[in-house]
Amino acid sequence: MKRDRQILLNCLGQAISARRDRLRLTQAELAMRSGVDRAFISNIENGKRNPSFSVLVDIAKGLNISLSLLMRHIDRNMEEHNAN
């Protein structure tokens, strides 16, 4: 169970990092756009923190995508992980 949670957190971090990279944003720029601390974003991207729902909403806004699209990216990452 704990392993599944860590995989989910890693997939979340990958989805946020990939979108941020596509937008050519630094973590600091995403932090400014989303109102979330840069270090917290770093920890999320590295799978070290489990953000609240409201933080995910703020990050999605900062990434200019809907929360549902962010969730689809996370789900795709999970599917890719499970296929390996």
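Q: At what angle do helix α1 and helix α5 pack?
A: About 125 degrees, in this predicted model. Helix α1 covers residues 2-22, helix α5 covers residues 67-83, and their axes lie 8 Å apart.

Q: Is that parallel, perpendicular or oblique?
A: Oblique, because the angle of about 125 degrees puts α1 oblique to α5.

Q: And the crossing of α1 and α5, left-handed or right-handed?
A: Right-handed.

Q: Which residues of α1 meet α5?
A: On the α1 side you'll find Arg3, Ile7, Leu8, Cys11, Leu12, Gln14, Ala15, Ile16 and Arg22. Across from them, α5 brings Leu70, His73, Ile74, Arg76, Asn77, Met78 and His81.

Q: OK, new topic: loops. What's the phi of Arg24?
A: It's near 55 degrees, a positive value in a residue that isn't glycine. Arg24 is in the loop between α1 and α2, and α2 takes in residues 27-34.

Q: Is Arg24 buried or exposed?
A: Exposed: its relative accessibility is 75%, and the cut-off for exposed is over 50%.

Q: What about Asn64, what's its phi?
A: Near 60 degrees, again positive in a residue other than glycine.

Q: Where is Asn64 found?
A: Asn64 is in the loop between α4, residues 53-62, and α5.

Q: Buried or exposed, that Asn64?
A: Asn64 is exposed, because its relative accessible area is 53% and exposed means over 50%.

Definitions and conventions. Residues are numbered from 1 along each chain as its sequence is written. This is a predicted model: local features need pLDDT of at least 70, side-chain atom pairs count only at pLDDT 80 or more; totals for chains, interfaces and linings use all residues. Side-chain values use heavy atoms; hydrogens and water are left out. Axes are lines fitted to C-alpha atoms, for helices over the stretch in contact, and angles run from 0 to 180 degrees between N-to-C directions. Helices (H or I, at least four residues) and strands (E, at least two) are DSSP runs, numbered from the N terminus. Angles under 35 degrees count as roughly parallel, over 145 as roughly antiparallel, 65 to 115 as roughly perpendicular and the rest as oblique. A crossing is left-handed if the near helix is turned anticlockwise from the far one by less than a right angle, and right-handed if clockwise. Contact means heavy atoms within 4.5 Å. Buried means under 20% relative accessible area, exposed over 50%, partly exposed in between (1.4 Å probe, protein chains only).
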